[in-house]
Amino acid sequence: MPVLRISKEELKQRLDSGTPPVLVDARLKYPFEHSTLKLPGAIRYLAGEVAPNFPRDREIVVYDSDPNELASSHIAAELLRQGFRAVTLKGGIGDWVAANLPTETKEAPQQATPEPGALKG
């Protein structure tokens, strides 16, 4: 199923409108967990999960960290099949951040402290 793509400029305009789209973070596990940023208000969603109760009257913009939008295109297509209006963000979060557009801070994983003696050879 073909998925439409929108530019970061188009997304910024839509976010500033009276009815902003729902943002969905579809980054793969490693890029998501090792980042401290996300788009404002973004909801985490991965393929195969039960879709959150997304509003049917709003557009959904899916993004990932791949400049070719592979993961986000897959998720957007899945949402389209479920009857949602979904598009992907061209260039993903990388292009968004590079353009110095708004982001939110999120927690990155904390490395566990090794048990005493665990690092001995």
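In the predicted model, aspartate 25 has arginine 44 of β4 as its bridge partner. This bridge belongs to the pairing of strand β2 (residues 22-25) with β4, which is parallel and spans two bridges. The two strands are part of an open sheet of five strands. Its order is β1-β6-β5-β2-β4, and the pairing is parallel. The edges are taken by β1 (5-6) and β4 (43-44). Each edge strand has a single partner, so one of its sides has no neighbour in the sheet.

The chain as a whole holds four helices and seven strands. Read from the N terminus, the elements follow the pattern β-α-β-α-β-β-β-α-β-α-β. The C-alpha atoms fill a box of roughly 55 × 30 × 25 Å along the principal axes. Of the 121 residues in the chain, 36% are buried. Among contacts with a separation of 6 or more, 68% join residues 24 or more positions apart.

Helix α3 spans residues 70-81 and includes leucine 70. The helix lies across β2, β5 (60-63) and β6 (86-89). Its direction is at about 170 degrees to that of β6. Leucine 70 has a relative accessibility of 59% and therefore counts as exposed, the cut-off being over 50%. Leucine 70 and glycine 92 are separated by 22 residues in sequence, while their C-alpha atoms are 9.8 Å apart in space.

The largest nonpolar core comprises 14 residues. Val24, Phe54, Ile60, Val62, Ile75 and Leu79 have the most contacts inside this core. Two or more residues come from each of β2, β5 and α3. The largest share, four residues, is that of α3.

Neighbours within four places in sequence aside, isoleucine 75 is in contact with Val24, Ala26, Tyr45, Leu46, Ala47 and Val62.

Aromatic side chains were examined next. Two aromatic pairs are found in the whole structure. Tyrosine 45 and phenylalanine 54 make an edge-to-face pair, with 5.9 Å from centre to centre and 85 degrees between the planes. Tyrosine 45 and phenylalanine 54 are both buried. Phenylalanine 54 also pairs edge-to-face with phenylalanine 84, at 5.8 Å centre to centre and 85 degrees between the planes. Phenylalanine 54 is in the loop between β4 and β5, and phenylalanine 84 is in the loop between α3 and β6, so their pair ties together parts 30 residues apart in sequence. Phenylalanine 84 is buried, as is phenylalanine 54. Together, Tyr45, Phe54 and Phe84 form one aromatic cluster.

Charged side chains also meet aromatic rings. Arginine 56 places its charged end over the ring of phenylalanine 84, 4.0 Å from the ring centre. Arginine 44, the bridge partner of aspartate 25, has its charged end over the ring of phenylalanine 32. Here the distance to the ring centre is 3.8 Å.

Key: Residues are numbered from 1 along each chain as its sequence is written. This is a predicted model: local features need pLDDT of at least 70, side-chain atom pairs count only at pLDDT 80 or more; totals for chains, interfaces and linings use all residues. Side-chain values use heavy atoms; hydrogens and water are left out. Buried means under 20% relative accessible area, exposed over 50%, partly exposed in between (1.4 Å probe, protein chains only). Two strands pair if DSSP finds at least two bridges between them. Contact means heavy atoms within 4.5 Å. Axes are lines fitted to C-alpha atoms, for helices over the stretch in contact, and angles run from 0 to 180 degrees between N-to-C directions. A nonpolar core is a set of buried Ala, Val, Leu, Ile, Met, Phe, Trp, Tyr and Cys residues joined through side-chain atoms within 4.5 Å. Rings of Phe, Tyr and Trp (its six-membered ring) pair if their centres lie within 6.5 Å; planes under 30 degrees apart count as stacked, over 60 as edge-to-face and the rest as tilted. A charge sits over a ring if NZ of Lys or CZ of Arg is within 6 Å of the ring centre and within 35 degrees of the ring normal.
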